[in-house]
Amino acid sequence: MIDAKDREIIEALQGGLPIVPSPYAQVAADLGLDEDDLLFRLADMKSRGVIRRIAAAPNHYKLGITSNGMTVWDVEDRCVAELGAHIGALPFVTHCYERPRALPDWPYNLFAMVHGTDRNEVEEKRAQIAAILGGACRAKDILYSTRILKKTGLRLKKKG
């Protein structure tokens, strides 16, 4: 559960931090808190699982990273958690997760998103993942993005 002040903090931050020299101090002042109290509340919400992280979500297209592929893998069930952890730790994998297969049409259970300046770079990264998965991988594919559909996380509806 969150109290009213925690909700205010989430609402204030869900659209992003202000681009100022001391963004947390600015948010705290806007909410009538001191910066230490704001940071304590954020750490507490993180430790309780209310929030997972505060992170930058850059528009990679504007950064010149215009080729984006969700690599999908059919990995032996006994290996998927361990291998997925290795894939997720790669510096070029932005997110990696396991999902149940939807047989017979969708055999893939491991997903890893990679980005590059062109498809050749993405394919090189996919080859590195394939090398790590080795013989535990039975099938693979890649789904290339054609546009950004959503670039936000979960949003709380503002009360009042």
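**From the whole chain to one residue**

The protein chain carries 23 positive and 21 negative side chains, and the centres of these two sets lie 5 Å apart. The model shown is a predicted one.

In the protein chain there are 5 helices and 4 strands. Read from the N terminus, the order of the elements is α-α-α-β-α-β-β-α-β. The protein chain is more spread out than a compact globule, because its radius of gyration is 20 Å, well over the 15 Å that the globule rule gives for 160 residues. The C-alpha trace spans about 55 × 35 × 25 Å along its principal axes.

Of the contacts between residues at least 6 apart in sequence, 66% join residues at least 24 apart. Buried residues account for 34% of the 160 residues. The accessible surface of the protein chain is about 10,400 Å², and 54% of that surface belongs to carbon and sulfur atoms.

Attention may now pass to Ser67, which is located in strand S1, a strand that covers residues 67–75. Ser67 counts as buried because its relative accessibility is 6%, and the cut-off for buried is under 20%. Leaving aside residues up to four places away in sequence, Ser67 touches Val114, His115, Gly116, Thr117, Asp118, Arg119, Val122 and Tyr144. With one of these residues, Arg119, there is also a polar contact: the side chain of Ser67 reaches the backbone nitrogen of Arg119 at 3.4 Å.

Technical notes. Residues numbered from 1 in each chain as written. Predicted model: local features only at pLDDT ≥ 70, side-chain atom pairs only at ≥ 80, totals over all residues. Heavy atoms only, no water. Helix = DSSP H or I, 4+ residues; strand = E, 2+ residues; numbered from the N terminus. Buried < 20%, exposed > 50% of the residue type's maximum accessible area, 1.4 Å probe, protein only. Polar contact = N/O pair within 3.5 Å; in protein donor to acceptor, adjacent residues only side chain to side chain. Contact = heavy atoms within 4.5 Å. Rg over C-alpha atoms; globule rule 2.2 N^0.38 Å. Areas by Shrake-Rupley, 256 points an atom, 1.4 Å probe, with all protein chains shown as cover. Lys, Arg positive; Asp, Glu negative; His and termini not counted. Charge placed at Lys NZ, Arg CZ, Asp CG, Glu CD.
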